[in-house]
Each structure stands twice: as C-alpha cells, then as structure tokens.
Amino acid sequence: MAACPTGCAPAARFCQKLNRLKTLDEDMMATSLKRCLSTLDLTLMGVGGMVGSGLYVLTGTVAKEIVGPAIIISFIFAGFASLLAAFCYAEFGARIPKTGSAYMFTYVSVGEIWAFLIGWNVILENMIGGAATARAWSGYLDSIFNHAIQNYTETHIMQWNVPFLAHYPDILAAGILLFAMFFISFGVQVSSYLNHIFSTISMVVIAFILIFGFVLAEPANWSPKEGGFAPFGLSGILAGSATCFYAFVGFDVIASSSEEAKNPQKAIPIATAISLGLAAAAYILVSTVLTLMVPWHSLDPNSALADAFFRRGYSWAGIIVAVGSICGMNTVLLCSLFSLPRTVPRHSPFWFFGTLMAIMALIFDLEALVQFLSIGTLLAYTFVAASIIVLRFQPEKASSKGTASTSPNPTVDPALSESQTINEDRGELKQYESFSDKLQLVERQRTSERHGAGQLKAFWEPYLGRMLRDFEPGEVVAFCVVILIISSVSFCVVLVYGNGQLYLPLWSYALLLVIFGLAYVLSLALIWMHEPQAKSKTFQVPLVPLTPGASILINVFLMMKLSFLTWIRFTVWIAIGLCVYFGYGIWHSKEGLRELQPKDMAARYVVLPSGSLVETVQSVQPEGQADMAHHISSSSDSTVEESTGRR
C-alpha cells in the first residue's frame, strides 16, 4: 500500500484512535469479581429480566391500542428477532466472559467509537428499563386502589400538561427505584437471592393464570362481532412487534453477568436459550388467555390481567395476579439495576445513573419510555450481530506477550523459532533470526497463509482472487458488513416509508427494493466466500453470516416501525453521547493510555501479510530518541525492500 502523504498523517492517526480495539488479558477467566453464579442463577436472572412489566402491563396496552388479539403473532415475531440477537450475545458471553455486555463485545471486534455509542445506549437501556418498570409497578398498584395515588398527587401535589412528559410526577415510582438500589448495593448474591424469590412467585402465578384463564376462555372474543383476530391488519401486527420487543430485552443481563458465572462457556448459552424460550412461551400463552377472557377493546391498559379476572367475577384471582405482577416487575427492576454497575463499573456512577433513572421514572410516561428503550436496544443488538461477523472472519491472532525482547539493546534473541508470531496492527508477522538464510521461506509463508481465516476460500480463488488479492485478511468481510448494514437500512426505509411518506411511484418503489435487496444478498454471499475461524470449543452462532445478517435486517426493520418522536429523542441522546466522547472519552481512553506506555526496541525481519520481507525496529526510547529510531527503521525498510525487489 502506498504511504500516506504527510498532510493526512494526523487524520490517519485520528481515525486509528476512533477504531482502536480493546486489549484483553490472555486468561479470560481472570477477574476481580467472585464467580458464584450457576446456570440456574443465570437462567432465573434471564427470566426475571424478561417476564415482568411487559407481561402484566405491556400486553394489555399493545392488544388494546395497536394490535388486538393478533398480539400473539407480534410476540412470535419479536421473540424470533430476540432469539437471533440472543445467539450473538451467547457466543460473545461464552467467548469473552467479561462485564460490559454489548459495549465490550463491540470494543474487542469493531472499534472504540462504536463501542462507546453502544455503551452509551446500554446505559440508556438499563436506565429506561428500570424507569419503565418502576412506572408500570406504580401504575399497576394504583389501578388496584382505583387510582387513589394518582388522584391524590394531581389534587394535592402537582400536575402538568407538558409535551413528552407524564401528566403528574410519579413519586411512588421514583421511591421504588431508590429503595431497590439500596438492595443492589449489597452485591450479586443478595440480588440473586431476591431474584430467586420473586421469579419463583411470578412463575407460579403465571401457571395459575394459564390454567384458570383457559377455563374462562370464550372463543367469541375473537369473532368478527368483537372486531376479529387482527382488527388493525398487518401494519398493526408489525408495529406491535416493535413495541413487544421491549418484553425480551432483559436477556442481556445474562451476558452482563458472565464475569461472575462459574462456568460461562457452558452456562451463558444454556441460560440464554432456556430463559428466552420460557419468556416467549409465557408471553404467547398469556396474551392468548387474556384476549380470550375479555374482548380486546375493553382491556384496562394499566392492569389488564388482574382487571380481566375482576370483571369475570373472580376478585380473589385478581388479587393473586396482582401479587404475581408486583413480584414479576420487581425481578425486572432488580435486573435493570443489577446490569447498570456492570456497564458502569465504578460505584459513584452507579448511584449517579440510578438517581437519574429515578428522575426519569418521576417525570416520563410509560409509553414514551418503552419506545425509547426499544430503539436503543435494537441498535445495540444490530452492532453485536455485526461484531459477530467481523470477529468470526478475523485472522487468529497470537498473543504478543512474551514475543518481544525485554532487553534495552536493539538485538534479536537467536533462540526465537521460525514459527514464532507477533501480533502487530491487523496482520500476523512471522519473525526470523536473520535475513539471508530465511529469504526462501517467503513464498512458503505466503502459500500457507493464503487460505487462512478472513481470506478467500480456495474454490473461489480462480474467480475472485485477482480482484481481492491486495486486501488484508478480514478487510473484505469488514467492508461487506458495512454494505450489509447500509443496504438493510435503505431496504427497510423504502419498504416502510416508500408508499407513504416518500410518495414513490410503483416502478421506483419496486426497483429500489430490488437494488437494495440484491446489495444485501451479495454482501452476505461475499462474506460466506471467505474462510471463517476454526471451530471453537465455546458456543458459536450457527449459520454465520446468515443468522447475524438476518438479525441485522429484522432489528433495522423494527426500528423503522417506531414513532418519529422516538427517533428525535434518540438522535438527541446520540448527539449528547458524541459530545461526551469527543470532549472527554477519546482523550482519557484506557487503550489510548496503554499505547503511550513504553515498549521494548528490537530489530527483526518480518513477513508482512502482503508477502514482502522487511526489517523493522520497534521503538521504546523517550521522545527525544524517537526520530532516530524512525530514521533507522525507514532506512532498514528501504534497503530490505530493494533486496526483495532484486530477488
């Protein structure tokens, strides 16, 4: 590759800062936290994170206002989208058992700025998840007492009619969050113990709802007389899926807890699969029972399940459901607060963001919180899916620890073997003791690495090898992932808005769908034509790149079905995050500080991924000597490259 002109060097260094990757310890199991969570603990955490306000509150709201009885199909579609995302989280959680969830996964595979934006949204996800649950908890309890709390607050304290905000400050919701934060501060074992109690009660109540609810079911409530099964049509089902997606966002608490799991390689995938399956079954069956017990248009959005039993004359059953709903929402609340300090590890930010969560619960209404949560979560799932593809087709990189000389003198250890590798930048460099006696191994090295991970498969070499031979391993795949995301966004924008807001004629609407659809399929095909990494002992997503590619497309489609106001709020949040990153984050990055640490200086002969053999000098001396080291390296590079050219 040609050298960068002097004028663009600062821009190149700046781009390198934006895309630097997270450096992890060799021992992935090493942690300062206590590994005390079993597979059962993680499974109950996942169930607790998903089965709560979504089941007891969201089901009634979506069924009455968006979908009707067809909410069953909405939950199936949202559950399938969550399953694809859960596969990606399970692989990362088993492969990289560290706190940080989507933030960490993106940092080690895609780059720093993308990881920051995802981490920024994960913080938002946890805050809004807790705030929405607290708001639902408060509203559910209030509805049982005939809205006495709301009436007292509006009459004796205050109320407002401000756009984007609730009609009154929910003091009870804010107090619930602050009280829950107190228990979370005692550590993971206390949180896990409380989660076990609440999850068990919630699951028993769900079983009661299903058994007794099917006894009271009346198929006539799905009849055309009551509006039919899908009164809002396909558009309503898809819009409902985007909102129902909120019900499944809690499974990432399992990945967030991977650093405290006893055996994350096995426990993370198993717990993710079981908890997601149980949650999906609960949502589908309970929504079926609910819409069969009473007509969908008469549901109480605040307490649909309990109110359904009250209206059928079984007040004692309604009280049991109310108790189960409060326990279920407690588990979601605990999981949201539990994930927050694992995204923001320091103690003081936990209390800061927890207090901010309480403020959000105080002033925002439930619907705005749920939609805001869904868009941030869908974006995080999209980046995790893209990271799976990038990481799966990256060359295997050996650890650089121990390969560089620790001597201050620029000498080469003669005991270094021919097979020893060093990890530098994006390629793996083979190291030799001398120049003259190893020159004949260059072609052998190029041949052996030609079909490694991230490079074109042997079958496609005669067809595409000439066109793609100049790219580094994994570069074509990374480029295809970018095309995949762009084509997915373009396809979904045309599909959702083409006939409506964009007013496209039919021929251009169809043509654009074909163009963007072909770009999506071709990018997937080109990725598939490259060699993946060797099979790992830990869990791996099946059918890569098809599974994460489908996850990206579905996530983007669901994002497009959210309201325009949600997109405005989300854009403002992202803009604030970028200001924080460029104003503070990029200058205080731990990876940036790691790059500034002194390194050893050693001269060695290396084979670059392009096949050229050059001598390099790794500089470690103070800044005053850096120019001299650079001069030595440049001179050596030019001399050896001339020798290679003569060969």
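Does R20 count as buried or exposed, and at what relative accessibility? Select R20 in this predicted model and take a look: R20 counts as buried, at 7% relative accessibility.

**Stop 1: the partner of R20.** R20 sits in the loop between α1 (9-18) and α2, while E112 belongs to helix α6, 92 residues apart. E112 is buried too, with a relative accessible area of 4%.

**Stop 2: E91 and R392.** Next, pick this pair, whose closest N and O atoms are 2.6 Å apart. E91 is buried at 2% relative accessibility, and R392 is buried at 7%.

**Stop 3: E218 and R312.** Here the closest N and O atoms of the salt bridge are 3.3 Å apart. Both residues lie in loops: E218 between α9 (188-215) and α10 (233-244), R312 between α13 (304-311) and α14. E218 is partly exposed at 37%, and R312 is partly exposed at 26%. In total, the structure holds 6 salt bridges.

**Stop 4: the largest cavity.** Finally, look inside. The largest cavity contains about 170 Å³ of space. Select G49, V249, G250, V332 and S336, which of its 20 lining residues are the closest to the centre. Colour the lining by type and you will find 9 nonpolar, 9 polar and 2 charged residues.

Note on methods. Residues numbered from 1 in each chain as written. Predicted model: local features only at pLDDT ≥ 70, side-chain atom pairs only at ≥ 80, totals over all residues. Heavy atoms only, no water. 1 Å grid on protein atoms, 1.4 Å probe; cavity = no way out; pocket = protein on both sides within 12 Å on 5 of 7 lines; lining within 4 Å. Points joined across faces, edges and corners; volume = space filled by probe spheres on them. Nonpolar A, V, L, I, M, F, W, Y, C, P; charged D, E, K, R; others polar. Salt bridge = Lys/Arg side-chain N within 4 Å of Asp/Glu carboxyl O. Helix = DSSP H or I, 4+ residues; strand = E, 2+ residues; numbered from the N terminus. Buried < 20%, exposed > 50% of the residue type's maximum accessible area, 1.4 Å probe, protein only.
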